[in-house]
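Here is a short report for a reader new to this structure. Please look at the sequence and the 3D view, then read on.

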Amino acid sequence: PAKMRLGIEKQRAKDLQWLFTNHKIAAKPQQHVIDSLFGFTEALGIEEHLLEWNIPISDEAKKYAEQTLSTDKKILVISPCSSMSYRNWTAEGYAAVADYAVKQHDMQVVLCGGPSVIELEYGEKISDLCHHKPLNLIGQTSIKQLLAILAKADVVVAPDSGPAHLATAVDTPVIGLYACTNPDRARPYLDAGLVVNKYPEAIAAKHGKSIDELPWGIRVRDEGTMERIQPGDVITKLDQALAE
């Protein structure tokens, strides 16, 4: 019965959502997803873009993170997997970055993730490849415990995934790994300068065109796309994040 049913305009709407709305937010091309969501508040006359996530973290979760993580070293959290496996970087790459973080910056490296088979296998393989064994917490944390760990981390490395955005929500710098999806649309919102971006070259290799010539947000799902990212690319961003 609502008189106003406000939705995304037809060009960007998913799942025929535009059929069920009678007012549309203003069409703005090539926006980050968060900026597009601000279109709803703008339509209501609110021009200020206030970023406040305020996800509550229980004292128990905070205590878990404090007891689990080192108190005298900087913390690098690696969350290696995305919900879409084609977005996952290589275990070899993660291991190289982990060893560098320990050797060069004396960091504690922590692996985080869910209990799925692919995540557990990733954690084991990364650990096996590392000369300096990381703390492998994959499959061992609740969402709130993960959030507490991300909040205490100094840097997070992750592909296009939920933990990357959870880290942003607790103001932890994120080195985002992007080749399959467009970081300008979906990167960790506060860390454009820390993105490893191989998406333009992946698009050019697959379609023979530039990003501007193709639909916004088009993905490259081909196997091996994330292998365009090299350990040196990530290490450079890690040095940058720690220097900043």
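The report goes from the whole chain to single residues.

## Basis of the model

This is a predicted model, in which local features need pLDDT of at least 70, side-chain atom pairs count only at pLDDT 80 or more, and totals for chains, interfaces and linings use all residues. Residues are numbered from 1 along each chain as its sequence is written, and side-chain values use heavy atoms, with hydrogens and water left out.

## The whole chain

The protein chain holds nine helices and eight strands. These are DSSP runs, numbered from the N terminus: helices are H or I with at least four residues, strands are E with at least two. The C-alpha trace spans about 60 × 50 × 35 Å along its principal axes.

Of the 244 residues, 43% count as buried. Buried means under 20% relative accessible area, exposed means over 50%, and partly exposed lies in between (1.4 Å probe, protein chains only). Contact means heavy atoms within 4.5 Å. Among contacts with a separation of 6 or more, 58% join residues 24 or more positions apart.

## Surface and charge

The accessible surface of the protein chain comes to about 13,000 Å². Carbon and sulfur atoms account for 52% of that surface. Areas come from the Shrake-Rupley method with a 1.4 Å probe; for residues, only the protein chains shown count as cover.

The chain has 26 positive and 32 negative side chains. Lys and Arg count as positive, Asp and Glu as negative; His and the chain ends are not counted. The centres of the two sets lie 6 Å apart. Each charge is placed at NZ of Lys, CZ of Arg, CG of Asp or CD of Glu.

## Helices H5 and H6

Helix H5 covers residues 143-152. Its buried residues include Leu 146, Leu 147, Ala 148, Ile 149 and Leu 150. Their cover includes helix H2 (59-68), strand E3 (75-78), strand E6 (155-159) and helix H6 (162-169).

In H6, Pro 163, Ala 164, Ala 167, Thr 168 and Ala 169 are buried. The buried residues of H6 pack against H5, E6 and strand E7 (174-178). Just after H6, Asp 171 takes a positive phi of about 65 degrees.

## Val 155 in strand E6

Val 155 sits in strand E6. Val 155 is buried, with a relative accessible area of 1%. Beyond its neighbours within four places in sequence, Val 155 is in contact with residues including Ile 75, Leu 76, Val 77, Ile 175 and Leu 242.

## Around helix H3

The structure holds one aromatic pair. The ring centres of Trp 89 and Tyr 94 are 5.1 Å apart and the planes stand at 80 degrees, so the pair is edge-to-face. Rings of Phe, Tyr and Trp (its six-membered ring) pair if their centres lie within 6.5 Å; planes under 30 degrees apart count as stacked, over 60 as edge-to-face and the rest as tilted. Trp 89 is buried at 1% relative accessible area, and Tyr 94 is buried at 0%.

Gly 93 is found in helix H3 (residues 91-105). Gly 93 is buried, at 2% relative accessibility. Gly 93 and Gln 230 are 137 residues apart along the chain, with C-alpha atoms separated by 6.9 Å.

Lys 125 lies in helix H4 (residues 117-129). Lys 125 is partly exposed at 40%. Not counting residues up to four places away in sequence, Lys 125 touches Ala 91 and Glu 92. Lys 125 and Ala 91 are 34 residues apart in sequence and 6.4 Å apart, C-alpha to C-alpha.

## Positive phi in two loops

Most residues other than glycine have a negative phi. Leu 16 has a positive phi, near 60 degrees. Leu 16 lies in the loop between strand E1 (6-7) and strand E2 (23-24).

Gln 30 also has a positive phi, near 55 degrees. Gln 30 is in the loop between E2 and helix H1 (33-43). Gln 30 counts as partly exposed, at 47% relative accessibility.
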